[in-house]
Amino acid sequence: MELDLLNKINTNIINPLIMLLIGVALVYFLFGVVKYITNGDSATERAQGAKHMIWGIVGLFIMISAFGLMQFVCNVVGCN
C-alpha cells in the first residue's frame, strides 16, 4: 500500500516537477546563449551571457542528478 502511494507521488508529482525544472534550466541556458551571441560588441553583456550559460548547465546537472537519484531510490525501495 505504501509503495503504491510512493509510486503515485513519484509518477504524478516529483517526476513532472523535475522535468519542468529541467525545462526552465534549459531555457535559462538558451537565453544565455542568445545573449552571448547577440551582444558580440559588449564585453560585459557577453560575460553576463556566459554566466547565464554556466548557471543553466549547473541547473541542468542538478535536475538530471535529482531525477537519477529518485529513480535509484525507487528501484531500491521497490516502488517501480
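Helix H1 is among the elements that cover the buried residues of helix H2. Helices here are DSSP runs of H or I with at least four residues, strands are runs of E with at least two, and both are numbered from the N terminus. A residue is called buried under 20% relative accessible area, exposed over 50%, and partly exposed in between, with a 1.4 Å probe and protein chains only. The model is predicted, so that local features need pLDDT of at least 70 and side-chain atom pairs count only at pLDDT 80 or more, while totals for chains, interfaces and linings use all residues. Residues are numbered from 1 along each chain as its sequence is written, and side-chain values use heavy atoms, with hydrogens and water left out.

## The chain as a whole

The chain contains two helices and zero strands. Its radius of gyration is 18 Å, well over the 12 Å that the globule rule gives for 80 residues, so the chain is more spread out than a compact globule. That radius is taken over C-alpha atoms, and the globule rule is 2.2 Å times the number of residues to the power 0.38. Along its principal axes, the C-alpha trace spans about 60 × 20 × 10 Å.

Of the 80 residues in the chain, 20% are buried. The chain exposes about 5600 Å², of which carbon and sulfur atoms supply 76%. These accessible areas come from the Shrake-Rupley method with a 1.4 Å probe; for residues, only the protein chains shown count as cover. Among contacts with a separation of 6 or more, 62% are between residues 24 or more positions apart. A contact means heavy atoms within 4.5 Å.

## The two helices

The spans of the helices are set out below. The expected span is 1.5 Å times one less than the number of residues.

| Helix | Number of residues | Span, first to last C-alpha | Expected span |
|---|---|---|---|
| H1 (residues 2-38) | 37 residues | 52 Å | 54 Å |
| H2 | 35 residues | 51 Å | 51 Å |

In H1 the span is close to the expected value, yet this helix has a kink of about 40 degrees centred on Asn 10. The bend at a residue is the angle between axes fitted to the seven residues ending there and the seven starting there. The buried residues of H1 are Asn 10, Asn 15, Ile 18, Ile 22, Ala 25, Gly 32 and Lys 35, and they pack against helix H2 (43-77).

In H2 the span is likewise close to the expected value. The buried residues of H2 are Gly 49, His 52, Met 53, Gly 56, Gly 59, Leu 60, Met 63 and Cys 74. Just after H2, Gly 78 takes a positive phi of about 95 degrees.

## The nonpolar core

A nonpolar core is a set of buried Ala, Val, Leu, Ile, Met, Phe, Trp, Tyr and Cys residues joined through side-chain atoms within 4.5 Å. The largest such core has five residues, namely Ile 18, Ile 22, Ala 25, Leu 60 and Met 63. H1 and H2 are the elements that give two or more residues to this core. H1 gives the most, with three residues. Leaving out residues up to four places away in sequence, Leu 60 touches Ile 22, Ala 25 and Leu 26.

Asn 10, on which the kink is centred, has its place in helix H1. Asn 10 counts as buried because its relative accessibility is 2%. Its neighbours within four places in sequence aside, Asn 10 is in contact with Asn 15, Pro 16, Met 70, Gln 71 and Cys 74.

Asn 15 also lies in helix H1 and is buried, with a relative accessible area of 16%. Residues up to four places away in sequence not being counted, Asn 15 touches Asn 10, Phe 67 and Gln 71.

## Residues with greater accessibility

Thr 11 lies in helix H1 and counts as partly exposed, at 44% relative accessibility. The C-alpha atoms of Thr 11 and Arg 46 are separated by 40 Å, and these residues are 35 residues apart along the chain.

Thr 38 is found in helix H1 and, at 54% relative accessibility, counts as exposed. Thr 38 and Ala 50 lie 12 residues apart in sequence and 12 Å apart in space, C-alpha to C-alpha.

Gln 48 lies in helix H2 and counts as partly exposed, at 33% relative accessibility. Between the C-alpha atoms of Gln 48 and Pro 16, 32 residues apart along the chain, the separation is 30 Å.
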